[in-house]
Amino acid sequence: MMKTEDLIALLATDTRPGRAVLPDVLLAAFGPILITGSVLLMVLGVRPDLIDTFTSPITIWKWLLPGLMVAAGLHLALALSRPESRPQKAWLVILMVAVLGAGLFTIRAVFLPPVDWIAAIRGQTIFVCLASISGIGLTGLFGGLAILRRGATTRPGLSGLALGLGSGGAAAALYALYCNEDDPMFFVTWYGAAILAVGLIGAISGRRLLKM
Amino acid sequence: MTAVRVTNRCDGRIAGSNMTENRDDWAHLLRAANRGDTPAYAAFLAALAPVLRGIVRARAGGIDAALREDIVQEVLLTVHLKRHTWAEDRPVRPWVYAITRYKIVDALRRNGRDITLPVEDFADIIPAEAGTDPFAARDTERMLDQLDDRSRNILRAVAYEGTKLADLGSRFGLSQGAARVALHRAMGKLSALRRTGQ
């Protein structure tokens, strides 16, 4: 039987401090995303009209929405790594991104005859889109999870979900440098699906890997 | 090791009137601990233990004393391994309580199948810690047996024989830095074992 007093003496002997989650988690999550994303862009190529798309009020959302998701997801994952935190604002931002995406989708649908909806959603590149965003996103998710294990979350599933949404968002923003499918009905649907998939894998993995 | 032991074992008093005083104390001690003040750290943990014991008894009073002490040890170990997640400008208590709550829920869930007694009804007739040493938990010893030899020997040497960190290296043929790392890793392994409930 180990007495609690002995345990305390034991713990006090261990003077090696724990390692902080920041800034390593940023490197571990964004590093793999940047590397795999760059490789993909070298293979597929950056869209030639990239500069013009930045000034279009519609296509700019291909970066704004994922960008907001990155900020909110990472913020949430970091906040949750402190056990006592109650990060409600970050959840609101994630909800806002979803609502904005749905709004963009709906506005586009209103201006398009219903017979064209299916074609608009389907686009030409569903498979490459889903595979690229989720593939790149997963590298960031698991890189980040390895470091996030140092944290002390009391909600491991939610922590993994947040990190997955953030990683998926970063992957989508990179992929958008190649992707020239600018119909919101396409990119909201499939970018969203891929980001959500990385988020769900994050939630499942987090429940196992982030448990204190 | 010359630890300053703050052995206040009056659970009730600590949770009650001394609370305000302790709140500042804890942050003070833990800040000092983060700067390498080992006696302050031992004092912090020693002050923490009776409070944890009180919380666990209040929240999980139906389970037996040895199991409750397991939970207390589990919280202490987690507080130790995760102490870097406490931000020095924040109060200590909410941080400790969040970990404690999580560990109580976790333990109750894990032992849920074993504890089928309607504890509310039997609470009155369960003898209050009679015959058990409330400071000893049964789990840790069983967990130690499952560790690799070196981790186990290191933890035993420190916990039972009071081996100092400075002597740990020479005893196990390690540099002092390597001994620190080995001790830290051994605790991580112990924690992982407890977590999986093996």
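Student: How many residues of helix α8 of chain A are buried?

Tutor: A helix is a DSSP run of H or I with at least four residues, numbered from the N terminus. Buried means under 20% relative accessible area, exposed over 50%, and partly exposed in between, with a 1.4 Å probe and protein chains only. In α8(A), 19 of the 20 residues are buried, which leaves the helix mostly covered. This is a predicted model, in which local features need pLDDT of at least 70 and side-chain atom pairs count only at pLDDT 80 or more, while totals for chains, interfaces and linings use all residues; side-chain values use heavy atoms, without hydrogens and water. Residues are numbered from 1 along each chain as its sequence is written, and chains are lettered from A and ligands numbered from 1 in the order in which they are written.

Student: What span does α8(A) reach from its first C-alpha to its last?

Tutor: The expected span is 1.5 Å times one less than the number of residues. Helix α8(A), residues 156-175, reaches 28 Å, close to the 28 Å expected.

Student: Which residues of helix α9 of chain B are buried, and where do they lie around the axis?

Tutor: The arc is taken from the directions that run from the helix axis to the C-beta atoms. In α9(B), residues 165-172, the buried residues are L165(B), L168(B) and G169(B). They lie on the same side of α9(B), because they cover an arc of only 95 degrees around the axis. Just after α9(B), G173(B) has a positive phi of about 65 degrees.

Student: Which residues touch the most other members of the largest nonpolar core?

Tutor: A nonpolar core is a set of buried Ala, Val, Leu, Ile, Met, Phe, Trp, Tyr and Cys residues joined through side-chain atoms within 4.5 Å. The largest has 62 residues, and those touching the most other members include L10(A), F44(B) and L155(B). Helix α3 of chain B, residues 38-59, gives the most to this core, with 13 residues. Apart from it lies another core of 49 residues, among them V21(A) and I94(A).

Technical notes. Helix = DSSP H or I, 4+ residues; strand = E, 2+ residues; numbered from the N terminus.
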